Amino acid sequence: MSGPESEFLREAQARGYIHQVTDAAGLDATLRAGAVSGYIGFDCTADSLHVGSLLQIMLLRLMQRTGHRPVVLMGGGTTKVGDPSFRDEARPLLDDAAIERNKAGIRRVFDAFLSFGEGPTDAIMLDNAEWLDQLRYIPFLREVGRHFSVNRMLTMDSVRLRLDREQNLSFLEFNYMLLQSYDFAELRRRYGVTLQMGGSDQWGNIVMGVELCRRMAKGSEDAEAFGVTTPLITSASGAKMGKTAAGAIWLSADKLSPYDYWQFWRNTEDADVARFLALFTELPMAEVRRLGALEGAGINEAKKVLATEACALLHGRAAAEAAAETARRAFEQGEAADTLPSLAHALPAPLADLLVAAKLVASKGEARRLVAQNGVRLNDAPVGDPQLVVGEADLRDGAAKLSLGRKRHVLVRVG
């Protein structure tokens, strides 16, 4: 796709949100003609979303900013089935009470990013249990199932990879593609939704949904339906977004503090700064390009901007600036709430040596054991390699912060 005229697609393409589009020209024309309702589905498998879902959230937010209506579809129904896409085994099945608790937690995340209401561009949150729980299965198969070819479904990556690995795919999971496609058809019929969006792993399901909408509409004018996917986001080193050695980067403050969220973005790899500024902040692209071109000490300043802007979107400007100030005191002035001690040491140096020299541990053996247990942090990020060597590249504004647990910290400076 090149040169879209609609503000939504133009901005989405410039920021790197777009991976695939079912009909780019048709969608562009529809977006130019008036407000479009577009949805993304989120199954209720946990009581929060993590950073791995943030790109989809930003896409919904962009829809609202450019005059369209974002629709958040909670998978109260499909969570009872489980999406097999690119999973090696089935998800554990949750009961209704757990699904409701998870749905409430996820709603709080979206309240930070979207404005909900009754207006034409106000976001709405729906639950596919509204229609899926009412299905009579045999009539459903007769009305919807006849539009699906089992031969084609078996070629979809989400199914084929499990079969190629000779891993079990239950018939319950196999139905997920029909149910997700039916969601799109019901959303189009009930709420006028004509766009489904999702991660690149959802491409097959989205295409099937677009086709089902058109087939069930039987050629009427209401058959218009489009699909968009976002790219899979990994760091420059190949790590998947959303999880670290210490666990998921949650979007709920009660599961991950604003300061730890700020630090996650501050620890972005140099090669990812420009891309993440475009994807996860709303800074103008000219400013993104300027910050992304900085080198040396300048790239650290760009990382602070990324951390503060990303944190402000989720937790608010005040919490983001407070996190930035806490980090500034810790790294630039060598002090924090518990007054961090400082260690001057030649670099590069083995992490185990630094932990001993800082008197955080009694021996190198103890240091390596604690590192292997994820008990040591470097610049607030867990260290999983007992053989790690700390160099000047690890300094943040002239110091590297070593932490043992939550209360023991030392700033290491070149000396």
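Is Arg 190 buried, partly exposed or exposed, and what is its relative accessibility? Arg 190 counts as partly exposed, at 35% relative accessibility. This is a predicted model.

Salt bridges that share partners join Glu 130, Glu 186, Arg 189 and Arg 190 into one network. Within it, Glu 186 forms a salt bridge with Arg 190. Their closest N and O atoms are 2.6 Å apart.

Glu 186 is buried, with a relative accessible area of 6%. Arg 190 is partly exposed. The cut-off for buried is under 20%, so Glu 186 at 6% falls in that class.

## Salt bridges along helix α4

The salt bridge count for the model is 22. Side chains of opposite charge can pair when their charged atoms come close. Helix α4 (residues 96-113) holds Glu 100 and Lys 103, whose side chains meet in a salt bridge of 3.3 Å, N to O. These residues are 3 apart, about one turn of the helix. Glu 100 is partly exposed, with a relative accessible area of 42%. Lys 103 counts as buried at 18%.

Arg 107 and Asp 111 are also in helix α4. Here the spacing is 4 residues, again about one helical turn. Their side chains meet in a salt bridge of 3.0 Å, N to O. Both ends are partly exposed: Arg 107 has a relative accessible area of 30%, and Asp 111 has 42%. An α-helix has 3.6 residues a turn, so residues three or four places apart point the same way.

Ser 252 sits in the loop between β8 (247-248) and α12 (258-266). Ser 252 is buried, at 10% relative accessible area. What does Ser 252 contact, leaving aside its neighbours within four places in sequence? The partners are Asp 47, Ser 48, Gly 105 and Val 109.

Ser 252 and Val 109 are 143 residues apart in sequence. In space, their C-alpha atoms are 6.3 Å apart. With Ser 48, the link is a polar contact: the two side chains are joined at 2.7 Å.

## Helix α14: one face buried

Helix α14 spans residues 285-292. Met 285, Val 288 and Leu 291 are buried in this helix. Seen down the axis of α14, its buried residues fall within an arc of 120 degrees, so they line one face of the helix. Ala 286 and Arg 289, on the other side of α14, are exposed.

What do the buried residues of α14 pack against? They pack against three helices: α1 (7-15), α13 (273-280) and α15 (297-315).

## An open sheet of five strands

An open sheet runs in the order β9-β15-β14-β11-β12. Its 5 strands show mixed pairing. The edge strands are β9 (342-345) and β12 (381-382), and each pairs on one side only.

Strand β14 (residues 400-404) pairs with β11 (residues 376-378) in the antiparallel sense, over 3 bridges. Val 376 has Leu 404 of β14 as its bridge partner. β14 also pairs with β15 in the antiparallel sense, here over 5 bridges. In that pairing, Leu 404 stands opposite Arg 408 of β15.

## Covered faces and a polar contact

How many of the residues of β14 are buried? The count is 5 of 5. In a regular strand the side chains alternate between the two faces of the sheet. Both faces of β14 are covered. Ala 400, Leu 402 and Leu 404 are buried on one side. Lys 401 and Ser 403 are buried on the other.

Ser 403 also has a polar partner. A polar contact of 2.8 Å joins its side chain to that of His 409. His 409 belongs to strand β15 (residues 408-414). At 13% relative accessibility, His 409 counts as buried.

How values were computed: Residues are numbered from 1 along each chain as its sequence is written. This is a predicted model: local features need pLDDT of at least 70, side-chain atom pairs count only at pLDDT 80 or more; totals for chains, interfaces and linings use all residues. Side-chain values use heavy atoms; hydrogens and water are left out. Buried means under 20% relative accessible area, exposed over 50%, partly exposed in between (1.4 Å probe, protein chains only). Helices (H or I, at least four residues) and strands (E, at least two) are DSSP runs, numbered from the N terminus. The arc is that of the directions from the helix axis to the C-beta atoms. Contact means heavy atoms within 4.5 Å. A salt bridge is a side-chain nitrogen of Lys or Arg within 4 Å of a carboxyl oxygen of Asp or Glu. A polar contact is a pair of N or O atoms within 3.5 Å; within protein, one must be able to donate a hydrogen and the other to accept it, and residues adjacent in sequence count only if both atoms are side-chain atoms. Two strands pair if DSSP finds at least two bridges between them.
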